[in-house]
Amino acid sequence: MSRYTASGLSFLLDGEEVPMAPGDTVLQAAHRVGRYIPHLCWHPGLPAHGSCRLCMVNFNGRPVSACTALAAPGAVVECQTPALQAERRTLLQMLFVEGNHFCPSCERSGNCLLQATAYQHEMAGPHFEEFYPDRPVDASHPDMLLDHNRCILCGLCVRASELLDGKSVFAIAGHGTQCHLVVNSPSGQLADSALSVHDQAAGICPVGALMPKRVGFKDPIGQRRYDLHRVDEPHSQEAAPPASEDAP
Amino acid sequence: MNDAAPYPAPPARKLRVATTSLAGCFGCHMSLLDIDERLLTLIEHVEFDRSPLTDLKSVGPCDLGLIEGGLCNAENIEVLQAFRAQCKVLVAVGACAINGGLPAQRNRLDIGDVLREVYVHRPGTREDAQVPSDPELPLPLNQVRPIHEVVLIDYELPGCPPSADTFWAFFTDLLAGRTPRLAHGQIHYD
């Protein structure tokens, strides 16, 4: 018996009991038992970020982000309500119009957490006006490509590079709609940074922003991650292989 | 897709449907034709107004308008507004109509530079080559835009192109009087 069930503590998620350990966030505990709470910026094994807002749940009647809210024994958590699903669809539409998400030519199409989450929420169209940002693409690195126009500022590469690789290659800089990912190198270019294609940060981007070169379109249509799995299937969400649940 | 469900009996009055391609590639129309022999069932229930598949030159009063492609020039806007004026229900079909699509990748470039690059500076053009300027030609917009930014859109059929089964599910719902709703596997953007 694991230490989670041994603790005997649990809360209710959409009416079903979820075992928890003291110190768990709602999302951590739900993810451990394979219960899906929509998320983009959260990854098991990394601290929470709280930027995508997709994991908003009603916690004892109050809206909170499940990735940052500590679970409490006996708490009543609602996740899959029509109102919350509609709010999540709006958040997804905001992310889509904010960048240039032209899936038909994106090498991450079918393997993209943003896209799969939008499918899950039956997002048919963008609803808002397109921003059509014009941010430079950084193709300087021999093995990696960085397209800022697809970046959703989840900060996963920032945290993975700092905490898992010990390199601190990335940071998020700027304010408001000018907020953007920056690269820690004298020139600001990926080629002059310490990033290697084998870094955990190199494989963690949930969208088509940070991608390895020369391996695009290698999975036949029908064999891509989200052709085979729905995003709400247990543990189908993370781009990179999950790190240890108990790390950080 | 639901092959087994009985298709409703042909109505007294057929649904009138117009289609057009703006800054499209005609791929969405091809995908519509991909419903194959189901077209024969479809035309028992609908008749086509202005469409690349008919010879009608202007759009008349319609129940349904299907728009493929985004907006890239002045003529696209005129056609779109005519469709909106004539169609009770207007549908954005495909990635281009919905978010501008791949043609919108030109939005980061200056349209004058693009035209000069293609018509004047490209290797192989004549010494005196000019950007075409005949008034008969529609002027390009400075950016490609999705159609919902200019007229109200009632439904979207995402995909590049939407699959034939997505078209069929949409028609089946509409003809049965249901609000069209795409199931999980019928929504894709690529």
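Author: A:Arg224, A:Asp227 and B:Asp190 are tied together in a network of salt bridges, where a salt bridge is a side-chain nitrogen of Lys or Arg within 4 Å of a carboxyl oxygen of Asp or Glu. Keep in mind that this is a predicted model, with local features needing pLDDT of at least 70, side-chain atom pairs counting only at pLDDT 80 or more, and totals for chains, interfaces and linings using all residues. Residues are numbered from 1 along each chain as its sequence is written, chains are lettered from A and ligands numbered from 1 in the order in which they are written, and side-chain values use heavy atoms, leaving out hydrogens and water.

Helices (H or I, at least four residues) and strands (E, at least two) are DSSP runs, numbered from the N terminus. A:Arg224 is buried, at 9% relative accessibility, and B:Asp190 counts as buried too, at 18%. Here buried means under 20% relative accessible area, exposed over 50%, and partly exposed in between (1.4 Å probe, protein chains only).

Now try a salt bridge inside chain B: B:Arg16 and B:Asp49 meet at 2.9 Å, N to O. This one links distant parts of the chain, with B:Arg16 in strand 1 (residues 15–21) and B:Asp49 in the loop between strand 2 (46–48) and strand 3 (62–68), 33 residues apart. B:Arg16 is partly exposed, with a relative accessible area of 24%, whereas B:Asp49 is buried at 4%.

Back in chain A, A:Lys218 bridges to A:Asp219, with 3.6 Å between the closest N and O atoms. A:Lys218 is exposed at 60% relative accessible area, and A:Asp219 is partly exposed at 28%.

Chain A itself has six helices and 10 strands, and buried residues make up 50% of its 248 residues. Its C-alpha atoms fill a box of roughly 50 × 40 × 40 Å along the principal axes.
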